[in-house]
Amino acid sequence: MSVAPETRPRIAIVYYSMYGHVKTLAETIKAGIDESGAEAHLLQVPETLPDEVLQKMYAPPKDASIPIATAAALADYDGILFGIPTRFGMAAAQMKAFMDTTGGLWSGGKLVGKPAGVFFSTATQGGGQETTALTWITQLTHHGMIFVPMGYTNPALFSMDEVHGGSPYGPGTFAGPDGSRQPSQLELTVAKSYGGYFAGVAKALYLGRQSA
């Protein structure tokens, strides 16, 4: 889709991914955003664990081609999506640590009114596909952001033919207890469609504010 640059909202996809599951979702969501006429940028939050711990956890190296997210950069975007791996039903510490650096944005109201959404990865079906999103919404609320849930905008979420991640709060995947399961085609289809849906909402807000 060809869209004039001045009508394209810029959307940041801010994520943490230790084993690649959230990164795969992030890349798929980016494709959906880009195809819908918006401009998406991948940003990974800083790692908080030392290298020796990551090695013991068999975590692969991070993708050096993807920039490291900074709090200051978020103010330059028209919408923000957060990719969150789950730890015991809540966001991984790396994501929370990053949000703890956004106090300056909060005090200055720099994120107020920006659309925001979430996507996530859990080990199992009971691992926090909804609680991770619910507990993250508090971050968005304090910043005055506009939460854009996925709802059931993609009918694939209704499918009972296979075990799959995702919820009305956003796209998701299951990694399995040992991390060996990768996002399924259904999960990727849902993620891409959410990227397009979110881009449409962000574009409507962006153009509306441009003409106000």
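Guide: Contact, in what follows, means heavy atoms within 4.5 Å. We're looking at a predicted model, so local features need pLDDT of at least 70 and side-chain atom pairs count only at pLDDT 80 or more, while totals for chains, interfaces and linings use all residues. Residues are numbered from 1 along each chain as its sequence is written, and side-chain values use heavy atoms, with hydrogens and water left out.

Visitor: Let's start with α6. How far does it reach from its first C-alpha to its last?

Guide: Helices are DSSP runs of H or I with at least four residues, strands are runs of E with at least two, and both are numbered from the N terminus. α6 takes in residues 131–142, 12 residues in total. The expected span is 1.5 Å times one less than the number of residues.

Visitor: Within what arc do the buried residues of α6 fall?

Guide: Buried means under 20% relative accessible area, exposed over 50%, and partly exposed in between (1.4 Å probe, protein chains only). In α6 the buried set is T132, A133, W136, I137, Q139 and L140. They line one face of the helix, because seen down its axis (taking directions from the axis to the C-beta atoms) they fall within an arc of 155 degrees.

Visitor: And which residues are exposed on the other side of α6?

Guide: The buried face of α6 packs against β3 (79–87), β4 (90–91), α4 (93–99), β5 (115–122) and β6 (146–147). On the other side, the exposed residues are T141 and H142.

Visitor: Which residues have the most contacts inside the largest nonpolar core?

Guide: A nonpolar core is a set of buried Ala, Val, Leu, Ile, Met, Phe, Trp, Tyr and Cys residues joined through side-chain atoms within 4.5 Å. The largest has 28 residues, and β1 (10–15), α3, β3, α4, β5 and α6 each give it two or more. Apart from it lies another core of 26 residues, among them L25, I66, M150 and A202. Back in the largest one, the residues with the most contacts are V14, I80, F82, M95 and W136.

Visitor: F88 has a positive phi although it isn't a glycine. What is its relative accessible area?

Guide: F88 sits in the loop between β3 and β4, with a phi of about 55 degrees. It counts as exposed, because its relative accessible area is 88%.

Visitor: What is the relative accessibility of Y58?

Guide: Y58 isn't a glycine either, yet its phi is positive, about 60 degrees. You'll find Y58 in the loop between α2 (51–56) and α3 (71–74). Y58 counts as exposed, with a relative accessibility of 72%.
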